[in-house]
Amino acid sequence: MADLKLTLVVACALVDADKRVLIAQRPEGKTLAGLWEFPGGKCEPGERPEQSLIRELHEELGITVAEPCLAPLTFASYGYETFHLLMPLFICRRWDGQVTPREGQALAWVRANKLRDYPMPPADIPLIPHLIDLLM
């Protein structure tokens, strides 16, 4: 097996006052289109994961998150065909602004024990039990 490039992607479980988690559907034209995922994205060179996540949440959802409001929860390590994904999952319960889909993506607020009802990329699936343990 050839060495795969390691790609660092950060994700966030935004949790509302009713203990529901926000997931977003990948839009048409993107890899894994139609699947549901936790908001986030790739870390840019020189960016810390928290900085990347704050930037991505603002770009994708129009919200402002303060770094102290991000708490690391768990991570996923998954080998896709062309790269290896390392994805820390942060949890966030406080942000400023209204969650708005800024990239044409569908959004859903879902109870942790219902996340498996939504088709997700393989790397996201192992994160679900951690959210169930925390929120249910």
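The model is predicted, so local features need pLDDT of at least 70 and side-chain atom pairs count only at pLDDT 80 or more, while totals for chains, interfaces and linings use all residues. Residues are numbered from 1 along each chain as its sequence is written, and side-chain values use heavy atoms, with hydrogens and water left out.

Begin by selecting the protein chain in a cartoon view. It has 2 helices and 7 strands, which are DSSP runs numbered from the N terminus (helices: H or I, at least four residues; strands: E, at least two). Along the sequence, their pattern is β-β-β-β-α-β-β-β-α.

Next, display the C-alpha trace, which spans about 45 × 35 × 30 Å along its principal axes.

Then select the largest pocket, which holds about 600 Å³ of space. A pocket is an open set of points on a 1 Å grid over the protein atoms alone, where a 1.4 Å probe fits, with protein on both sides within 12 Å along at least five of seven lines; lining residues have an atom within 4 Å of a point. The volume is the space filled by probe spheres set on the points, which are joined across faces, edges and corners.

Of the 28 lining residues, select V9, R26, E37, G41 and K42, the closest to the pocket centre.

Finally, colour β1 (5-14), β2 (20-25), β4 (40-42), α1 (49-61) and β6 (83-92), each of which supplies at least two lining residues. The most come from β1, with 4 residues.
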